[in-house]
Amino acid sequence: MLTYLRKRIVSSALPLVVVVIGVFALARMTGNPASLYLPLNATEQMREDFATRNGLDQPLWAQMVDYFGGVLQLDFGTSLRTGESAAAMALRAFPATLQLALTTMILAIVLAVIVGSWAALKPNGIADRIASFVSMAAASIPDFWLAIVGIWIFAITLGWLPTSGVGSSASWILPIATLMMRPFGALVQVVRGAMVSALSEPYIKLARSKGASQKRVITRHALRNAAAPALTVAGDLTVGLINGAVVVETIFGWPGIGKLMIDSILQRDFAVLQAAVLLTAIAIFVLNILIDLAYALLDPRVRPASARFRRKRTPEKPVTPADPTPTATAQA
Amino acid sequence: MTFEPTFGSTDKTGSTRRRLALALTSATVGSTMLLSGCAVANSDNAEGDANAASDTLRVVLQQEPPTLEPCESNLTSTGVVDRSTITEPLVERNPSSGELEPKLATEWSSEDDTTWTFKLREGVTFHDGSDFTAEDAAHTIERAVNSELGCNVEGYVFGDDDLTVEVVDDTTLTVTTAGADPILPLRISFLEVVPSETSDTEKVREPIGTGPYKLDEWQAGQKITVSAYDGYWGEKPAFPKAEYQWRDEGTVRAAMITSGEADIAMGLAPEDQIGDLGVPYPNNETVALRMHTDKPPFDDIRVRQAVNYAIDKEGIVASLYAGREKVAAQLVPEGIVGHNTGLEGWPFDLEQAKSLVEEAKADGVDTSAPISLIVRNAQFPKIEELGQVLQEQLTQAGLNVELKLLETSQHLQYQVRPFVEDEGAILHMTQHGNQAGDAAFTVGQYMETDGAQSAFGTPELDAMIEEANAATGDERQSAFEEIFAYQNEEIVQFAHIMHQTGMIGKAENINYEPNSSTGDELRLAEIKPAQ
């Protein structure tokens, strides 16, 4: 497993560098930030001073060398907009997004498993139809609309919840409920589909015929086998959320990374954008490894694959002469 | 789910399942801990807010201030918190009367409009307890105007020329300009005073000022809290505490007022469903189209006149803006020195517009040349609709207009010199806010031949502007009036559309009358609980 991890880390370092270089170059191609930060009647002299002060008068490669030199010393530059350290701004915003994303996903998965399994018990039954309607609706409602309607109903009309902000635990409810809809809807569909096919497998008949209870059949036999496809989809959905839930963060005033990235793009705040992109790229990379590990835990068919992979790697050379042997054994 | 007693002991997958269950549990617990940690850190929950309402004034802004650096407080998002709340200037312009009033300076005068003497208020202290003296005032000017700090206010109000500052004694200061400048005190009103210890090589994010409120805490991304400063030289403000939050969405800001979570909400539009709690005020913003005359068809004055005739300003104001805005005939609204009350908006006359275009065409002007109507996304309410209406009306007059909706940074390339080159004729939608109260801040930038936001001018107009800038009193007023009339008759660089109205949301338990500068400086000390 450690070898596997090491390989993953090495092979992911390159994409990370490519992403950061890409963002670095593309961001600068969108134009000079000077006019955003200087008064509208700024003179040529002031523009030049601004460029010199922020190193924007250097050629792109020189700026890049300078930047990566800083990154190696963990200096990610200073925000043009606020004058703060870009790394500090990104690190401050990220936990807010992470908390929101993880809580949302855990709730979405738990609810989707319950609703999806319930629907799969009697395909095309009344429960299935309700679940399918609800999940389709949940997956297709635009989140900005849902957020505004949620505020209108629960904060203004009923007065149960705060409109926005991060002040109290009640203020988590609307953002999470809004954010949860899409993953929940998608996951219900996946869980239901996987459960329907798992429940029609012969091993379920066998389990039933040996007298296993309904609960046991569902939780231990069917759900376990249905978990892999659900995990794949859940992983993708989580990656999307960690990237920042821009709409929800913006509407509810949630100080997360998605809003920070959008703001720094609009404000051409390059250092902050780069720091935020690097941070989310690392997080997504870690998440992908976790998903792979979870796969191995879930599905026995995946585990031998990684074990075989490890065996093959260590005795690389001795294997070659032994090559005919397995064939012979197989024939025998 | 309940576990059966046989769980795990018989089959091989039991240990895996336990691990998975453990992983899930720890993930849930972990995130719950994160959650509760956050909740504990902000233990003043909804309940606390309700109780606090009586002594804490809650303001919701459009955005988090990028910084509270006083020398950037000409930027709306910074100034709205700083100005006359945390920090104070030497002199302050009364937004209603336009007169300059004493603040940290009690009187000021000049013999020759070049050297100005300021008498400073005694008994003023900064929030750190130190005394305010002429040294601090001099340092403030040096720091903002003469240093290498790159302060936004420097370019905005002072340009390239440095000021010579001299401390005469503890309460007397002289400021000398390079040339005669009759409105130097007005320019000085943009400088928020900081203590002489403030760095002039680095900007500060959290200022120390002399204002009625001192900065307590800035929870980045969440809120800024201030409290009344005990040693304040003036009248004690009504609210002992205040807090600022920020929300991007107007509907959410409005909802915070209607649900009782905030007392004042900035930057609302009637579409935000604020109802009776919305309070309109003139915000000194004017919307106009600027025609770049370097390319056909705008190089012909008849086409520029046709654009003015083709726009149904009354119709736009009535249908898009429900009659809130006022049809404009010049770049500054009433209340600004130099506003010409005699000017009327161009009448809507489509036939006249058509025939002017035809006439120009007959004389060889390429009236079918593509025109880009440059509009900034979300710059003000219903701007996209306005762009579409204008495109349609100009097309009817026989022009070939394409609407381009751009984001701020791209839009600026069309707004400010050097203008974008590789484009057809440019028709730029400009929103101009004159927050200084004097037309000098408008005409120099928008009408002079090489003004930063001017695309056309003549030597005659430049001479008129130069003369007006140096004039004082009634002469100044009429000199600028003449300039605005001259633009409409001889220059026609602009097709003016409307003077705008701003709106704030105000809870019922609050007593506050917004004025034309509210959007740029919300003076918390003027806000009181309703009786």
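**Exercises on a two-chain model**

B:Ser84 is placed in the loop between helix 3 (76-82) and strand 2 (91-93) of chain B. Helices (H or I, at least four residues) and strands (E, at least two) are DSSP runs, numbered from the N terminus. The model is predicted, so local features need pLDDT of at least 70 and side-chain atom pairs count only at pLDDT 80 or more, while totals for chains, interfaces and linings use all residues. Residues are numbered from 1 along each chain as its sequence is written, and chains are lettered from A and ligands numbered from 1 in the order in which they are written.

**Exercise 1.** Describe the backbone of B:Ser84 and decide whether this residue is buried or exposed.

*Solution.* Begin with the backbone: B:Ser84 is not a glycine, yet its phi is positive, at about 55°. Next, apply the burial scale: a residue is buried if 20 or more other C-beta atoms, placed from the backbone, lie within 10 Å of its own, exposed if 12 or fewer, and partly exposed in between. B:Ser84 has 23 C-beta neighbours inside 10 Å and therefore counts as buried.

**Exercise 2.** Find where A:Arg268 lies and determine its burial class.

*Solution.* A:Arg268 belongs to the loop between helix 12 and helix 13 of chain A. The phi of A:Arg268 is positive, about 50°, although the residue is not a glycine. Because 21 C-beta neighbours fall inside 10 Å, A:Arg268 counts as buried.

**Exercise 3.** Describe how helix 12 and helix 13 of chain A pack, and list the residues that meet.

*Solution.* Step one concerns geometry: helix 12 (residues 257-266) and helix 13 (residues 270-298) of chain A pack at an angle of about 145°, with axes 9 Å apart. Axes are lines fitted to C-alpha atoms, for helices over the stretch in contact, and angles run from 0 to 180 degrees between N-to-C directions. Step two concerns residues in contact, that is, with C-beta atoms placed from the backbone and within 7 Å. From helix 12 of chain A come A:Ile257, A:Leu260, A:Met261, A:Ser264 and A:Ile265, which meet A:Val272, A:Leu273, A:Ala276 and A:Thr280 of helix 13 of chain A. Step three takes one of these residues: leaving aside residues up to four places away in sequence, A:Ala276 touches A:Ala90, A:Ile257, A:Leu260, A:Met261 and A:Ser264.

**Exercise 4.** Check the span of helix 4 of chain A against its number of residues.

*Solution.* The expected span is 1.5 Å times one less than the number of residues. Helix 4 (residues 60-72) of chain A has 13 residues and should therefore span 18 Å, which agrees with its end C-alpha atoms being 18 Å apart. After helix 4 of chain A comes A:Leu74, with a positive phi near 60°.

**Exercise 5.** Characterise the surroundings of B:Glu142.

*Solution.* B:Glu142 lies in helix 4 (residues 134-146) of chain B. It counts as partly exposed because it has 17 C-beta neighbours inside 10 Å. Not counting residues up to four places away in sequence, B:Glu142 touches B:Ser147, B:Val165 and B:Asp200. The C-alpha atom of B:Glu142 is 7.8 Å from that of B:Leu163, 21 residues apart along the chain.

Terms used. Contact = placed C-beta atoms within 7 Å.
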